[in-house]
Amino acid sequence: MKSIIDLNNYKAAGSKVFTGRDRGQYVREKSNVDKLASEADTIELVIPDDIYSINPSFLEEFLVNVVQKLGKAGFWQKFVIVNTGDYKITSDLDEAIDRILRSNHALI
Amino acid sequence: MCCPQLPSTLDTIADYSNIIVAIATLALGWYIFVYERRRDSHDRIDRELERRRNIRLEWFKAAIIQPNLDYIYDFYGDLFDIIKPLKQPGITLAEKSIILQEIKNHGADFRQKFIDLVGAVDESLRSRIQTRLDELVDVLTNNIFDEGINLSHPPVYNEKIEKPVNTSKSDLFKLLFSYEGLN
């Protein structure tokens, strides 16, 4: 079963960027991405063609639960990125995934 | 032969008073003993916590901050160089996108080389530093692509681009030097 999350549906009026943790959380909740990731075999994530940037701050909050659950390899197996505009999300997505998965070991 | 004198009322009161005073003195002495012991125990715990905190602070300073002080200054110095072309008149959207990607790559590099290292000592501090840096990148992103902002006008460039970077730098140092070694 395939699901689609189209970020065009979550653009703020007049905005060509996705930034901020608050916005990431909002889209995570509105899109139900956590639930879809459990139920769907694949998820198509559609990146708007006219977007200038989707920042790691947004992506980290948007995908935090999904990436923690699936891991990096699992994420890329489940998510198909549809990104036909000039802005390419790959490096920002990689950065967000790395941040989510970084290990934290305190010295003391 | 003299008749034995019966104890007077005053003598009786005095005797009972002495007993009461003796009991009260014992009770007070016991209370002071218990209180002092408890206080000494708390003092020992506080001293131990202080000792551990100082160890953590020393580690933080010696292993994380001192070796990376130059790198932090260089990070912001290089960032000012990256953003400088934004003030050119007639800069295109494509050029802005390239500059923003450089800003983000620079931030990712800083995260890997410094911010994650802070996380090895204190995750909460790491998170605050990362959030602060993300806020800077987000502000720059919004200002770079806001069509109502003319970055080629120097006061606007200073307000919308340089000032957030300067504020981020001082905020970072504030966070680092206000760290008290506590989780």
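Trainee: In this predicted model, which residue forms a salt bridge with Arg53(B)?
Mentor: Arg53(B) is partly exposed, with a relative accessible area of 23%. The closest N and O atoms are 3.5 Å apart, and the partner is Glu50(B).

Trainee: Which parts does the salt bridge of Asp98(A) with Lys72(A) tie together?
Mentor: The closest N and O atoms of Asp98(A) and Lys72(A) are 3.3 Å apart. The two residues are 26 residues apart in sequence, so the pair ties together helix α4 and helix α3 of chain A.

Trainee: Where does Lys104(B) lie, and what does its salt bridge with Asp92(A) join?
Mentor: The closest N and O atoms of this pair are 2.7 Å apart, and both residues are buried. Lys104(B) lies in helix α2 (residues 93-119) of chain B and Asp92(A) in helix α4 of chain A, so the pair joins two chains.

Trainee: How many salt bridges are counted between chain A and chain B?
Mentor: One pair across the contact is Arg102(A) with Glu123(B), with the closest N and O atoms 2.6 Å apart. Lys104(B) with Asp92(A) is another such salt bridge. The count between chain A and chain B is 5.

Technical notes. Residues numbered from 1 in each chain as written. Chains lettered and ligands numbered in written order. Predicted model: local features only at pLDDT ≥ 70, side-chain atom pairs only at ≥ 80, totals over all residues. Heavy atoms only, no water. Salt bridge = Lys/Arg side-chain N within 4 Å of Asp/Glu carboxyl O. Helix = DSSP H or I, 4+ residues; strand = E, 2+ residues; numbered from the N terminus. Buried < 20%, exposed > 50% of the residue type's maximum accessible area, 1.4 Å probe, protein only.
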